[in-house]
Amino acid sequence: MSETTHLAGVSGKVEIVRDDVGIPHIFASSSADLQFGLGFAMAEDRLWQIDRLRRRALGRQAEVMGQAYLATDIAHRTVGLPEIAGREAEAMDPITAPLVDAFVAGINRGIAVLELPPEFGILGYKPEPFTRVCVVAIARGLWWSLNGRIDRLAAAEAARFLPERLREDYLTPEGSDNLILPSPAFSPPHAAGTDDATGSNNWALNPALTGGSAILAGDPHQPFWVPSSWYEFALHGPEDNAAGCGHPGVPGLLWGSNGTIAFCLTNNMASTRDLYAETVNPDDAAQYWDGEGWRAFEETTEVIYVKDAPDHSLTIRRTVRGPIVNALVPPLTEGGDPPLSLRWVGMEHIDDMRALVNLSRAKDWDAFRNTLRDWSVAVFNWIYADIHGNVGYQMAGRLPLRPRFAYGYRDATNPDDRWSGYIPFEQLPHSYNPPRGYVASANQRVIPPEQEPMIYGAYSQGHRGIRLDQIFTAPSTHNRAATIAVQNDVVNTRAQRLVPAILRLLPAEDPVARILGSWDFAYTLESAAPTVFETFMFLWQRAIVAAHMPARLRDLVVQQTGLGCAMLLEPERPFFPEGTGAVARDVAAKVLDTLCDRLGVDGAAWVWGKVHLAHWKHPLSNAERSATFDIGPAAVDGGSHTLRNTGGELPPHNAASGAEYRIVVDFAEPDRFLAVQNIGNSGIPGHKHYSDQFVPWLRGDYHTMHLNREHISVQSVTVLVPT
């Protein structure tokens, strides 16, 4: 065991105890010192990543990383994240602000005394000191990435290009009959919002199902980043005794346990933003109708510095509703759309930092829910379990009330499209100790679309939710080992639902039919059926959108798979002039051509393990650095629609997104829980904890997180002492 001491701006001794996978367990006698220690530890592990996240949110990545990052800089500046962060840092409540300031001071002390990660040397710059504004910006940038997604509003608006009889299926994600809170009166299909291909899982089981104590599990799914999107840590102070993981550059746990309660989340995707089609004065293009009269667009011009390229001048126009964001979404109308203004809850004052700090301090369901009253964006599905055997679900977020129901763009001149308030917290969906004994979410719809208050957004397909219900309603004891098996389950209920429909459209002797016909719907490495199925569905979806959508919009709408699913299940409906069966046979022939061209004529070479590879590249990787900076390649089972979520829906079907973290809390042992990241807790290429969790993640293994110091396998201790 090694020990290092640093002078720091703390009031008492702070100890950063690292375990055998490099996770910092921070011990301090004051809450401010505890946050200082967290900031210091995060700087030691993830400094270049949090600097990059800061630059992403503030629109300053191109300044050090070049032209390839100009588009994301333009997007974040257009949305106004730098100005939002500045306002919000000043408006932070007086109890939370000093804790965030202490966290920032810890990061800055780390910058001062620790060796800088290699990325700074490669790019030729040094990190600027962090401020409270930086932390707010990083968090707001994350919330925007999770709940912004304005391309989904454009995809919904594109429904106008379809015959009216097809629009509901187009706007209905697959498997939308599955709800987080089941409703006996719900009769699908029903337009449930635009589709989104990403997602996460979480659930909690009561003792009647586990045969012991309550169990909670969660695994957030994101595009795989290097370093990982999440950071593991533990906090031990006068108000805190919790462990789990959060987001780099931000204080607070998003998944974790304090020994009394445990919690985890999935993205809800309920809409917290709208795009408004503005009416421009026909006599003066510099003016728009603000609802009462003509008003001049507000304009500002900013300069974005671009490494090794000319500076970029960005002019941002704004209305009373928000910035004009046409540059951030593809135009639907040839020749261009009217100005589209953005209104987003994340532009308002929110108390996300206060909620983040307090969430892991709750000791019961009521305290947990009260903390979530502060939660505004991103909208999350929170799952809860506690040591007393209780389980619960709470949807949390600030959801606008709109008098008129709509999925696409709104009319800036229509009073019914204005926000009329927000759904009260007590009316947000929640459930505590439901009769079925479990709560679970997988990014699907929460309640029926027609239920008041109406909630809609870009929900994911319901296939993972269907699989969870299949498992948890089966007569079995769902203990800890079973929960681990569920997190690593590779059965695809989308295939269960659609393969029989595909087989009905193909001749029995068709090679595609022969491969799919004997499949158990598991995404295992040695099976060729997942490769064939995913290739078929990709080509089928392309055929669907090509039939009615303009070519310029096909990439935008390809995620809207509900219509393609409906045509497989109901092939007699009029859609293709040559008939659904004929197109299905043509797609099957293209599947064979595609796989033969890519993998060879021997079907044995088409197995999932050949194409579904985890190979994640650091943004600064090159031929010289790849061995140290990159992760993989390695074959990994699972897919985009399995509970063991590893992506692969789109060609070349590599593992592009999925579970970057998994947690299993069994209150039979309240002082510990199981967890694993997909890479490692250090973000420093070449560090021993940079990729040490990759192989355990591939195997479905976990490490143990301890809440009691005496059980930690201590590898090093960093001591911070007052100056």
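Okay, let's start with the rings: W143, F263, W365, F368, W375, F380, W382, Y384 and Y432 are linked by ring pairs into a cluster. Keep in mind that this is a predicted model. Counting through the structure, we get 36 aromatic pairs.

The centres of F368 and Y384 are 5.3 Å apart and the planes make an angle of 40 degrees. Why do I call that pair tilted? Because an angle under 30 degrees would count as stacked and one over 60 as edge-to-face, and the planes of F368 and Y384 sit at 40 degrees.

Where do the two partners come from? F368 belongs to helix α12, residues 365-372, while Y384 is in strand β18, residues 380-386. They are 16 residues apart, so the pair links distant parts of the chain. And F368 and Y384 are both buried.

Next, charges over rings. R436 has its charged end over the ring of Y438, at 4.0 Å from the centre. There's also R52, which lies over the face of W225, 5.1 Å from the ring centre.

Last stop, the second largest pocket. It holds about 350 Å³ of space. Which residues come closest to its centre? Of the 21 lining residues, those are S2, R18, E44, H687 and S716.

Conventions. Residues numbered from 1 in each chain as written. Predicted model: local features only at pLDDT ≥ 70, side-chain atom pairs only at ≥ 80, totals over all residues. Heavy atoms only, no water. Phe/Tyr/Trp six-rings, centres within 6.5 Å; stacked < 30°, edge-to-face > 60°. Helix = DSSP H or I, 4+ residues; strand = E, 2+ residues; numbered from the N terminus. Buried < 20%, exposed > 50% of the residue type's maximum accessible area, 1.4 Å probe, protein only. Lys NZ or Arg CZ within 6 Å of the ring centre and 35° of its normal. 1 Å grid on protein atoms, 1.4 Å probe; cavity = no way out; pocket = protein on both sides within 12 Å on 5 of 7 lines; lining within 4 Å. Points joined across faces, edges and corners; volume = space filled by probe spheres on them.
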